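Let's take a walk through some side chains and see how they meet one another.

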Amino acid sequence: MFSESRPVFRSRIQFFYFVVMVVFLVLFFRYWFLQVVRGSAYYRAATENTLREITIPSRRGRIFSKDGRVLADYKVAYDIMLDRGSYRPSRLKILAHFLGLQPEELQARIKRYHRVPLYKPVPVLENLSFAQIAPLEARKKDYPEVFVELVPQRYYPYGKLFAHTVGYIGEPTVQEARNLSTLQKVGKMGIEKNYDNVLRGKDGSRRIVVDSSNHFIKTQLIQEPENGRDLTVSLLLPLQQLAMKSLGNFQGAVVVMSPRDGRIFAMVSAPSFDPNILTFRFKEKEWEKLKNARGNPMLNRAIQGTYPPGSTFKPLVALAGLNAGLTPRTRFVCTGGLEVGGRTFLCWKKEGHGSLSLIGAIAHSCNVYFYNVGLKIGIAKLLPVARSFGIGSKTGIDIPGERSGFLPAPEWKRRKTGRPWFPGDTLNTCIGQGYLLMTPIQAVSMTAVIANNGTVLIPHLINEKGEKWVRNRIQLPKKDFRAVKRGMRLMVTGGTGVALSGLGLTICGKTGTAQTVSGADRKALELSWFIGFAPAHNPEIAIAVIAEKGGHGSDTAVPIASRIFQYFRDHREAFQ
Amino acid sequence: MKGKFDFSLFMVVLLILILGMITLSSAAATVKGGDTLISKQLIWICTGLVLGIIAYVVNYRVWIEFAPVLYGIAMVLLILVLVFGTTVHGSRSWLNLGPFRLQPSEPVKLTVLLMLAWLYKGDKSSHLDFRAIFKSVLALGIPVLLILLQPDFGTASTLLVMGAGCMFLLGLRPRVYIILFILIAFVGFGSWHYMFKPYQKERVLTFFNPERDPLGRGYHVIQSKVAVGSGQLTGRGYRKGTQSRLKYLPEPHTDFIFAVYAEEFGFTGVAVALMLLFLMVSRMITIARIAYDKSGMLLAFGSAVLLFYQIAVSTGMIVGLLPTTGIPLPFFSYGGSGIISYLIMVGLVLNVFRNRFQRV
């Protein structure tokens with residue numbers, strides 16, 4: 001044997017044998033490391049590699065008005081989806097050109113989904129029509145990383161008419177997406193937001209297995225989508241249209257509510273916006289435009305606008321007075337002003353109202369009378385009644401974003417300004433001025449409480465009745481409410497609201513003219529208010545109208561209210 | 001040590017062949033025309049077995065006498081392939097011979113080994129002198145150059161390693177090692193700058209850092225690592241590997257075939273396969289040790305080096321231990337020219353074993 005006799009060859013062979021052993025050992029341990037130590041991680045990677053999760057979009061529930069019109073619908077639209085598993089960054093420019101986007105824009109759109117697992121395709125273009133996708137479909141072989149998906153796109157047929165109430169949907173924020181683990185759009189405002197979990201269905205998913213060039217192999221698992229539930233709101237389309245039209249070019253709000261069960265028949269805030277443009281995923285420009293638009297159309301003035309209530313607050317003050325020992329026949333003399341603490345507090349009628357009872361004071365909206373009520377009972381007797389009406393706290397309406405307004409108290413003033421509460425502050429509060437702020441929804445809610453003799457209801461847009469919408473019952477004698485109502489009735493038949501007298505309805509109401517300063521230019525602004533209800537006995541609707549820069553209550557708010565009442569008179573069955 | 005037939009090497013090779021066929025039958029299913037690949041491969045194996053028996057029956061010393069002729073034919077084929085060859089994946093490596101295609105670089109490995117055995121059959125010294133080195137460098141250099149022209153980087157490197165192994169066995173003096181080292185450094189530097197194609201450079205660079213280009217060159221390594229790793233301990237089951245099934249592996253039936261095997265049979269299967277491959281190589285080394293003469297020793301040793309190198313590279317590359325080169329795994333990868341050459345090689349090594357006592 002050759003190498004046996006020549007040790008030098010044998011040692012060379014043995015050296016090689018040693019190398020072979022080492023290499024095989026290295027291989028052995030390398031495979032052991034990959035397959036046993038790191039195996040489960042690679043297993044997961046392999047699973048992600050082969051699966052594409054195709055969402056089967058669920059249908060979001062539609063929203064109907066009380067009179068059966070579709071306020072939030074869906075229509076068929078096409079999205080262009082990108083499969084990032086097969087997308088190569090080097091294709092960015094080609095793809096952007098194909099989709100008609102700037103490369104930076106496409107890059108940004110892809111980047112915003114960096115938290116979404118790679119096996120889930122993400123939208124890069126949305127809401128395309130069939131005409132728009134046809135050329136893309138024709139050339140899809142050259143662009144294997146994108147595909148067209150048919151999606152039900154939310155659509156609001158009445159545009160700006162229901163923007164603040166029905167709201168709109170949009171892409172979830174990072175936080176929302178994490179909580180819901182979905183790419184689905186979610187409610188962002190109004191009913192869409194508050195009832196999101198009812199309206200939003202559960203997307204189904206089809207897990208498809210694909211190969212490395214993204215060719216379909218087979219469907220692996222199907223989860224059927226669950227569609228969302230339809231909702232009916234208590235809004236009436238014609239009334240809503242009427243309210244919007246009546247407001248015209250005024251900034252302001254109109255709210256119509258049932259004093260029996262809290263349902264809202266109309267809620268309009270002007271100016272408004274078209275919610276359809278906000279449902280898009282890629283809408284930054286439109287957002288900017290809306291945010292900077294004049295009059296802040298995104299603001300729902302009905303629940304977010306806080307205004308001094310002016311004279312519309314007087315019925316409540318009257319109730320507090322009655323509760324503190326005054327009677328409907330208690331009289332005060334108005335000489336056009338009242339001097340308190342060295343300052344003269346004026347009535348709106350310079351020559352004075354003369355001697356008035358409580359009922360007459362409400363009807364003629366005499367300031368001096370209510371100054372005297374304030375002086376007589378003091379702020380301490382007024383505040384509990386105001387609080388029981390819900391002034392200064394949210395009504396709890398079933399759409400988000402409501403503000404609580406403001407009910408000033410002596411402790412608050414001392415804490416805030418370091419100065420004591422003067423009798424003048426009480427006087428200002430009693431005529432709905434000073435620090436007092438209310439939202440229109442609070443105003444209509446307050447009106448409803450007077451109308452129904454003390455039941456505080458939670459105003460709501462969902463078309464439901466029942467005890468769950470009763471917040472509390474105010475323990476005041478019925479005769480006090482009757483007295484205040486008599487005053488409000490007299491206002492219509494012979495006071496500041498005579499324009500409402502010939503409608504064939506027993507309307508009770510209260511006008512208001514409030515002064516405020518508007519935010520930026522600190523310019524004095526006249527707010528034209530009206531609150532009221534009808535019919536006087538067993539009322540069916542309560543309304544609040546506010547028009548910014550509307551002059552006196554009787555100038556702008558009353559005519560608007562008049563048209564609402566007329567509609568009510570002609571379509572009473574619609575309000576059942 | 002008395003038997004004439006080395007049953008252990010034969011059995012080991014047979015088992016590897018069976019494992020290889022099982023894996024190929026799974027991997028081929030994902031390749032275009034995969035079903036015909038299996039039957040074709042079976043025909044090649046049968047042909048290889050017949051040729052291997054012939055190689056086994058006729059004394060290896062007779063074959064070595066024919067080496068220059070075989071070598072000449074092989075070189076002609078290498079030149080023909082450069083002229084008339086069919087290009088696949090950018091390499092002009094195949095000769096179209098009607099019903100089948102021949103890859104001359106595979107039998108060239110065998111003929112070069114026989115040629116080296118022929119060159120040193122009478123050599124008595126334990127170290128090569130410069131003349132001898134020159135002869136072997138020439139015998140190696142011609143086919144290596146021709147193969148590099150195709151260009152087939154993998155096969156060329158196989159030939160070089162096999163030749164280097166043989167020269168190591170035959171003995172080189174320290175100063176030759178030094179000269180060789182300098183030469184290799186020089187050639188390496190020169191070829192990096194002047195000869196390597198950009199894609200070859202990319203391969204080397206991505207080997208050192210696969211994440212450099214995770215969706216390009218590094219993609220293959222990452223995907224094959226995922227394939228191997230996802231096999232875990234017991235594997236995903238025959239024909240159930242998603243990485244190969246869904247075409248995440250490039251060339252699953254040739255260069256990346258062991259990733260398919262590792263994915264489907266897990267570490268258990270890998271351990272068995274590595275053990276068998278190791279047994280095959282180590283058995284060939286043993287045969288080299290007990291061979292009767294220098295040429296027999298060289299044949300067995302050269303075969304061991306060649307198979308070892310291909311095994312190490314093709315199993316090492318898919319787990320990221322070595323750069324991706326197109327080197328097939330013997331007895332696993334699809335390819336008629338290869339399997340026939342390896343079976344002939346096994347026949348020759350068994351021949352060396354059979355004739356370990358005998359003179360001509």
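In this predicted model, the charged end of A:R12 sits over the ring of A:F9, at 5.2 Å from the ring centre. You can find another such arrangement in chain B, where the charged end of B:R356 sits over the ring of B:F353, 3.9 Å from its centre.

Rings can also meet other rings. A pair of aromatic rings is described by the distance of the centres and the angle of the planes. How many aromatic pairs does a search of the whole structure find? Over all chains, the search finds 32. Take A:F345 and A:Y371: their ring centres are 5.7 Å apart and their planes stand at 65 degrees, so this pair is edge-to-face. A:F345 belongs to strand 15 (residues 343-346) of chain A and A:Y371 to helix 15 (residues 367-377) of chain A, so the pair ties together parts that lie 26 residues apart in sequence.

Now look at B:F5 and B:F7. With centres 6.0 Å apart and planes at 70 degrees, this pair is edge-to-face. Here B:F5 counts as partly exposed at 32% relative accessibility, while B:F7 counts as exposed at 52%. Ring pairs can also join into a cluster, as they do for A:F16, A:Y17, A:F24, B:F278, B:F301 and B:F308.

In one of them, A:R91 pairs with A:E145, and the closest N and O atoms are 2.8 Å apart. A:R91 lies in the loop between strand 3 (70-82) and helix 4 (92-99) of chain A, and A:E145 in the loop between helix 6 (130-138) and strand 5 (146-155) of chain A, so the bridge ties together parts 54 residues apart in sequence. A:E145 is buried, at 2% relative accessible area.

Another salt bridge joins A:E548 and A:R301 (2.9 Å, N to O). This pair links distant parts of the chain: strand 21 (residues 541-548) holds A:E548 and helix 12 (residues 301-304) holds A:R301, 247 residues apart. A:E548 is buried at 13% relative accessibility, and A:R301 is buried at 5%.

Finally, find A:R60, A:R154, A:E192, A:D196 and A:R200, which are linked in a network of salt bridges.

Methods: Residues are numbered from 1 along each chain as its sequence is written. Chains are lettered from A and ligands numbered from 1 in the order in which they are written. This is a predicted model: local features need pLDDT of at least 70, side-chain atom pairs count only at pLDDT 80 or more; totals for chains, interfaces and linings use all residues. Side-chain values use heavy atoms; hydrogens and water are left out. Rings of Phe, Tyr and Trp (its six-membered ring) pair if their centres lie within 6.5 Å; planes under 30 degrees apart count as stacked, over 60 as edge-to-face and the rest as tilted. Helices (H or I, at least four residues) and strands (E, at least two) are DSSP runs, numbered from the N terminus. Buried means under 20% relative accessible area, exposed over 50%, partly exposed in between (1.4 Å probe, protein chains only). A charge sits over a ring if NZ of Lys or CZ of Arg is within 6 Å of the ring centre and within 35 degrees of the ring normal. A salt bridge is a side-chain nitrogen of Lys or Arg within 4 Å of a carboxyl oxygen of Asp or Glu.
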